[in-house]
Amino acid sequence: MTPLMHGFVWGLVIATVLVTIAVLSIWFERKFSARMQSRLGPTLVGPAGILQLVADALKMMQKEDLIPEKADSILFRLAPPFTVLFTLSVAAVIPFSENVLAADLDIGVLFMLAVGGLVVFPVWIAGWSSNNKYALLGAMRAVAQGIAYEIPLVLSAMVPVVLAQSMRFSDIISVQAETHWFVIWPLGPGLIAFVIFFICSLAEANRIPFDIPEAESELVAGVTTEYAGMRFGLLQMAEYLHTLIASAVAAAIFFGGWDGPFAPGLHWMVLKTLALFFTIFWIRWSLVRFRSDQLMALCWKYLLPLSLLLVMVAALFVHYCGVGA
Amino acid sequence: MTAETILFYLFGGLAVISALGMVLNTRNTVASVLSLVVTMVSLGAVYLLLEAYLVAAFQIMVYGGAIVVLFLFVVMLLNLSTDEFPPSKQRLIKSAFVIAGVAILAQILIALGHDPLFATPPEAVPEGYGGYRQVGILLYTDYVLLVEMASLLLLAAIVGALILAKRKID
Amino acid sequence: MDQWVAAAGFVAVAIIVPVSMLVGAKLLAVTAKSSSKLKTMTYECGEEPEGGAWLQFHPRYYLVALIFVLFDIEAVFLFPWALAIEELGGLAIVDMLIFVLVLLLGWGYALRKGALKWQ
């Protein structure tokens, strides 16, 4: 198989699975949040309401593709597919097992950060081109928050890179498989770096408690205010995909990826990813929203110096104990 | 023609067109900034075709991801509309840029005439050339002084930017 | 190079996914025969929109973006360093410590000036 076909075929498989999980998670989230709030959630369509998804998807596709008169119509149409494109592209470098990976780039972590960093543009374009005050305010907040949390995200992702002395995802996982998961050992930097990485991923994906860009009590629906039908669906899907892919990255670089006893590697990777993904829902339905100033203070005052410190500690560890000590 | 050549012309063309779109678009500053993103990402793709992977990643991360966001926020801060450049001034600016562009083009052509880039095939580079290990080792041995000076430059940039921006905020 | 070609294959899929969804929606979507000014009006809580949305924004956004650029460049310097620690040893760590401390000086200055505060 040529490399192009390899990437394409695995891309089809991985993208299909990711999109399916992202869609299923909407049903799961509705059920889960309902239970947390002593409600039932969807029950009518299909067993336990699971076919509600199909109904919602069909409804979304059938809706008219509305373009507001004042909007910049070209950019307004282009933005949603680009959010999905950039979000999904990150998954190209994530290994789901020794064999299930599309592209084992030698600068995989950098690819993830560079491509993932581009997502702010389509989100901003979506808000700006709507020519709606709520949408633009939401977009400005989303970008400001996205770039602010990008720094601790990059620095905390650098900790496993330092510990494994490689930016290739499969190398990072191999080092963990030979020794310990980075979240456990070296005691301290790995765990704290994971917590920072997780917090920053939540902030980048605009998930509660960092969802000030789409705070419905003040901004209606933020960036998505003017969108309807499938374009709205794409923006929503990008958000779910973003959280899912961030969970997969965290599982790979901090939790040893496919490493685990008894079961095949793929099972472990999927289990770890879904566990982290579930945690994000759990956080979402447990916490309240941060204010903008608290959000910025957390990032600049605490996460930034802390993550820099962690990188230095990890470097000292590698220097004195060697890789995989 | 190989796939590589086709991709090179595709991304090279995209970079040129979007760069022109950025400069010539006076209707809408935001659209100008967005075409700059396209330019930066296309340049990143051209670097990839040159097998300069590290440079490509940094190009997209710093220029595509960071610097253009800065431009975007500057545009939002200034909120320029076409009214602020009267047509007469626009004509002046445009003609100045055309002259500058022609001058640069002439220089490039002269330089190429002296030392034809495509006359001899480029020398083969050693394994791992321009990879992160080589770059890292070179940066932190031979060029370490420059790296430290870069940190001072960044410090100066922070201080300077704060002094300029604080006046605006207060 | 092969791995990058494979990544390009994946990106092709990432393009196909949203496009196919939009095409599917295009086939299924209903289109109203008539449109009205009210229907395509910008949403502003049911009121008639007051002026345009493309307004001037506060300079603090600009400040955040600027500090972001600076620390992003720092990250660019950190990556090649992070992968050469094993080979370069203690000297590289001292080099980077100086680099980071100089930048943290700028960070401390920004903090004291209140530039990182979202007032």
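Q: What covers the buried residues of α1(A)?
A: This is a predicted model, and in it the cover includes α2 (52–62), α3 (73–89), α10 (229–254) and α11 (265–284) of chain A, along with α1 (2–28) of chain C.

Q: What makes a residue such as A:Trp10 count as buried?
A: The test is 20 or more other C-beta atoms within 10 Å of its own. A:Trp10 is listed as buried, so it passes that cut-off. Others in α1(A) that are buried include A:Gly7, A:Phe8, A:Ile14 and A:Trp27.

Q: How do you know that the span of helix α1 of chain A agrees with its number of residues?
A: Take its 34 residues (3–36) at 1.5 Å a residue: the helix should span 50 Å. Its end C-alpha atoms are 46 Å apart, so the two agree.

Q: What happens just after α1(A)?
A: There, A:Ser38 takes a positive phi of about 55 degrees.

Q: Why are residues of chain A and chain C said to be in contact?
A: Because contact asks for C-beta atoms within 7 Å, and 67 residues of chain A meet that with 59 residues of chain C. On the chain A side, α1, α2, α3, α6 (133–164), α10 and α12 (292–321) each supply at least two residues. By class, that side has 43 nonpolar, 13 polar and 11 charged residues.

Q: Which element gives the most to the side of chain C that touches chain B?
A: The contact takes 40 residues from chain C and 39 from chain B. On the chain C side, α2(C) gives the most, with 19 residues. By class, this side has 32 nonpolar, 2 polar and 6 charged residues.

Technical notes:
Residues numbered from 1 in each chain as written. Chains lettered and ligands numbered in written order. Predicted model: local features only at pLDDT ≥ 70, side-chain atom pairs only at ≥ 80, totals over all residues. Contact = placed C-beta atoms within 7 Å. Helix = DSSP H or I, 4+ residues; strand = E, 2+ residues; numbered from the N terminus. Nonpolar A, V, L, I, M, F, W, Y, C, P; charged D, E, K, R; others polar. Expected span 1.5 Å × (residues − 1). Buried ≥ 20, exposed ≤ 12 C-beta atoms within 10 Å, placed from the backbone.
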